[in-house]
Amino acid sequence: MTDPAASAFSTPEALKRLKRRRAADVRFRYYGLGAIFLALGALLLLVLSIGSQAVSAATYHVVRYDITLDPAVITPPGETSPEDIARNVDGFWELARDNLLATVPEADRDRTSRTAVSEFITRLAVLPTARKVASRPEMVGNDITLTAPLNDDLDLYLKGQAFPERRVRIGAITAVTAQEDGFAGLEGQGAFTPILTALTSLQSDGVSMDEGSILLTAGGATGRLRDVQAGTARLELLTGSLDAFRNSPATARLIALPEAQRVVSDQQIAWTLALKEMGRISRVPRWSLLTNSDSTYPELAGGLAALVGSLFTMLVTALVAIPIGILAAVYLEEFAPKNRLTDFIEVNINNLAAVPSIVFGLLGAAVYINFLGMPRSAPLVGGLVLALMTFPVVIIASRAALKAVPPSVRSGALAIGASQMQTVFHHVVPLAAPGILTGAILGMARALGETAPLLLIGMVAFVGDVPTGPTDESTVMPVLIFTWANNAERAWEPMTSAMIVVLLAVLLLMNGLVVFLRRKYERRW
């Protein structure tokens, strides 16, 4: 009998090799878990980065204007038709501006102040009200409340995203004395000590307040502080009344950035805070992001035209790429003879799946626009270009699904007298349908996120109206995101993130549809 202890698998060398193999298995398991956690961490970082910006764009500030629809302004002689009223944007804007000037009288003292207060509302912001009055001309002469978005820079300021600002609560101000030079003297025992402490803290952090501003707000009044001492300071009143500072809680706002380097002046900040104190500025959900078209003003811009354009483009892509791609896959897999020609076609289909998308854009621009003369910046052309890019994906996925059907299904169908056509379309294709649909929808999802080929056919154009058909001028969501990301104004950053969230939501919806269809129609054998 052989001795088990003398087996070659129980020698010290063999045991060491076995131990190393087991250690390698454990390391490989940890490597896999590490890769998974790394991917999840990167995904979480991406979601937090985009989501933190998109949350800001989910709401915005609007201003309420109580105006009277003066017939002399709204319907001047010769311009009384509904079409004339809808075009009279300047008239509605002037009424809103005059209401604001009446609210803050100091804004009417010079041309510079009038210009500054006029920036609170853009002219196009009153267009919905103009159209509403045009549809109901009997409203002319009545009092109405016009609500319009606040200027994007002031909106960012109220959200705390325009520039760094430190707020400090100060002590009670016991005396307010008007001075001849236009300033007011403020007194209070230790009232301004918190400001001096904050200034010292900023200086220790390397922040200089030499050219910055210290704004003091009490109720609806705001002024600019000068010569701050522990118990005294001088105040330049910007808006409101000096009486608001006497024995009232006040807040100091320390802004280190010089006023000349800001897009929002101290005076505009004072007016904004006063309107907010009056309850005329409120923060509301930004539904206009999904109901408005693109605009040159961030507070008015929306992605409706791009969303509709994307749907039209995907509709054209689906109608062209999915039927032709599936039929091509069925022919190559079930009917085509195996020869050099079909091998050449298969190799080129696989190569086309790896071709950069911008190449398809060049091909579409050369064939559809330059040669066939199709309209630029139209979903019809965009859909055809994306269909070229989606063909290989649909064909490869469909062929893989057809190959997964067991040969016994084909043999059984042929054995009972079915023709090859009946075998394929009555038995094989229905069983492969979940995989075919999965590949088709994933190909469409890839096409939805493409930007480069659509840029080359002109879909980067500014589109202010919602397209009504595949031949109308349009843009798509990825191109709109690209355009907004290149704009210089700070307010476009959260808008870009918000549109990315909308695009990701559509992609997740398409991927969810894939899972649903697979589970619903999948058959087991």
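Visitor: Let's start inside the protein. Which residues line the second largest cavity?

Guide: The second largest cavity is lined by Ser293, Asp294, Gly302, Gly303, Leu304, Ala305, Ala306, Val463, Thr475 and Leu480. Bear in mind that this is a predicted model.

Visitor: Which helix gives the most to that lining?

Guide: Helix 11 (residues 304-335) does, with three residues.

Visitor: Where does the lining of the largest cavity come from?

Guide: Helix 1 (12-57), helix 7 (152-158) and helix 19 (492-521) each supply at least two residues. Helix 7 has the largest share, three residues. The lining of the largest cavity divides into eight nonpolar, one polar and five charged residues.

Visitor: On to the rings. What describes a pair of aromatic rings?

Guide: Two things: the distance of the centres and the angle of the planes. In this structure there are three aromatic pairs. One of them joins phenylalanine 120 and tryptophan 271, at 6.5 Å centre to centre with 55 degrees between the planes, and it is tilted.

Visitor: Why does that pair tie together parts that are 151 residues apart in sequence?

Guide: Because phenylalanine 120 lies in the loop between helix 5 (111-118) and helix 6 (127-135), while tryptophan 271 is in helix 9 (residues 266-277). Phenylalanine 120 and tryptophan 271 are both buried.

Visitor: And tyrosine 157 with phenylalanine 163: what are the distance and angle there?

Guide: That aromatic pair is tilted too, with 5.7 Å centre to centre and 40 degrees between the planes.

Visitor: Are tyrosine 157 and phenylalanine 163 buried or exposed?

Guide: Buried means under 20% relative accessible area. Tyrosine 157 is at 3% relative accessibility, so it counts as buried. Phenylalanine 163 is at 10% relative accessibility, so that residue counts as buried as well.

Visitor: Rings can also sit under a charge. Which charged end sits over the ring of phenylalanine 163?

Guide: The charged end of arginine 262, 5.3 Å from the ring centre.

Conventions
Residues numbered from 1 in each chain as written. Predicted model: local features only at pLDDT ≥ 70, side-chain atom pairs only at ≥ 80, totals over all residues. Heavy atoms only, no water. Phe/Tyr/Trp six-rings, centres within 6.5 Å; stacked < 30°, edge-to-face > 60°. Helix = DSSP H or I, 4+ residues; strand = E, 2+ residues; numbered from the N terminus. Buried < 20%, exposed > 50% of the residue type's maximum accessible area, 1.4 Å probe, protein only. Lys NZ or Arg CZ within 6 Å of the ring centre and 35° of its normal. Nonpolar A, V, L, I, M, F, W, Y, C, P; charged D, E, K, R; others polar. 1 Å grid on protein atoms, 1.4 Å probe; cavity = no way out; pocket = protein on both sides within 12 Å on 5 of 7 lines; lining within 4 Å.
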